[in-house]
Amino acid sequence: MKPLLIGIVGPSGTGKTTLCKQLKALSRNHEHVRLDNYFKSPRTFPKKGQFRNWEQPSNLKFDLLLKHLRALKNGQEVHAKTFPKKAGAKSEPMVLKPKNIVLVEGFMLFKDKKVRDMLDVKIYLDIHSGLMLKRRAIRFGAKHVGDYDIKVAIPEFLKYGVIQKKYADYVIDATQKQSEVIKKVTRIIKRTKRVV
């Protein structure tokens, strides 16, 4: 059986990465692909006010992601690299394996039609902007820049991100406990496996 590609989208703070890591930890048959590893160089990002805007779909290498997803779908290993977001961090090599379930997650994943069409199931994790602010503040801690969230992250996601909900096969309320979200996504995966 060819790998099933499960796409997971949602605003920052919905727990996309945590969800995929936990699902991968529960099964050796799961692989995890992060859209964050497909950023272009931040030097090329446009500015919005005083900030470099990380929230634009044009900042992402969708062509490379598509190439990698096609390889995985055809049963081939992919040799890729991590994208270092922290200052001073270096890119690390990584191998993506064509396991039964390939979880592909990212905040703008459904923006590219070719990538979207590659996905067997599309899931949107939904939270309101107030919770997005709160969770981003917790995640980034003392170095967090609240002005960036208010002036860039939230307006840009409202412009480019929320529209992706219309492409989703399933919309899940991500304000509930992570354990509940995991249960719902697991049920969706099992249901998809039975149908395919």
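Which residues in H5 are buried? In helix H5, the buried residues are Tyr148, Asp149, Val152, Ala153, Ile154, Glu156, Phe157, Tyr160 and Gly161. Here, buried means under 20% relative accessible area, exposed means over 50%, and partly exposed lies in between, with a 1.4 Å probe and protein chains only.

A word on the ground rules before we go on. This is a predicted model, in which local features need pLDDT of at least 70 and side-chain atom pairs count only at pLDDT 80 or more, while totals for chains, interfaces and linings use all residues. Residues are numbered from 1 along each chain as its sequence is written, and side-chain values use heavy atoms, with hydrogens and water left out.

**Confidence**

The pLDDT is the predictor's confidence in each residue, from 0 to 100. The protein averages 90, and 94% of the residues score at least 70. Helices (H or I, at least four residues) and strands (E, at least two) are DSSP runs, numbered from the N terminus.

H5 covers residues 146-161, which makes 16 residues. Its end C-alpha atoms are only 19 Å apart, short of the 22 Å that a straight helix would reach at 1.5 Å a residue; the expected span is 1.5 Å times one less than the number of residues. H5 also has a kink of about 30 degrees at Ala153, shortly before the proline Pro155. The bend at a residue is the angle between axes fitted to the seven residues ending there and the seven starting there.

Now to strand S7 (residues 101-105), where five of the five residues are buried, so the strand is largely enclosed by the rest of the structure. Ile101, Leu103 and Glu105 point one way from S7, Val102 and Val104 point the other way, and all are buried. In a regular strand the side chains alternate between the two faces of the sheet.

Two strands pair if DSSP finds at least two bridges between them. S7 pairs with strand S1 (residues 4-9) in the parallel sense over five bridges, and with strand S2 (residues 30-34), also parallel, over five bridges. For individual contacts, Leu5 has Val102 in S7 as its bridge partner, Ile8 has Glu105, and Val33 has Val104.

S1 is mostly covered too, with six of its six residues buried. Leu4, Ile6 and Ile8 lie on one side of S1, and Leu5, Gly7 and Val9 on the other. S1 also runs parallel to strand S8 (residues 121-126), joined by four bridges, and Ile6 stands opposite Val121 in S8.

**Strand S5 and its partner**

S5 and strand S6 (residues 93-96) run antiparallel and are joined by four bridges. The bridge partner of Lys81 in S6 is Pro93, which is exposed, with a relative accessible area of 68%.

**Aromatic pairs**

Rings of Phe, Tyr and Trp (its six-membered ring) pair if their centres lie within 6.5 Å; planes under 30 degrees apart count as stacked, over 60 as edge-to-face and the rest as tilted. By this rule the count comes to seven aromatic pairs. Two of them are set out here.

| Pair | Centre to centre | Angle of planes | Type |
|---|---|---|---|
| Phe39 and Phe107 | 6.2 Å | 40 degrees | tilted |
| Phe51 and Tyr148 | 5.5 Å | 85 degrees | edge-to-face |

Phe39 sits in the loop between S2 and strand S3 (47-48) and Phe107 in the loop between S7 and helix H3 (113-118), so this pair links distant parts of the chain, 68 residues apart. Both Phe39 and Phe107 are buried. Phe51 lies in strand S4 (residues 51-52) and Tyr148 in helix H5, so the pair ties together parts that are 97 residues apart in sequence. Both Phe51 and Tyr148 are buried. Ring pairs also link Phe39, Phe45, Trp54, Phe83 and Phe107 into a cluster.

**One more residue to look at**

Met108, in the loop between S7 and H3, is buried, with a relative accessible area of 0%. Met108 and Leu60 are 48 residues apart in sequence and 8.7 Å apart in space, C-alpha to C-alpha.
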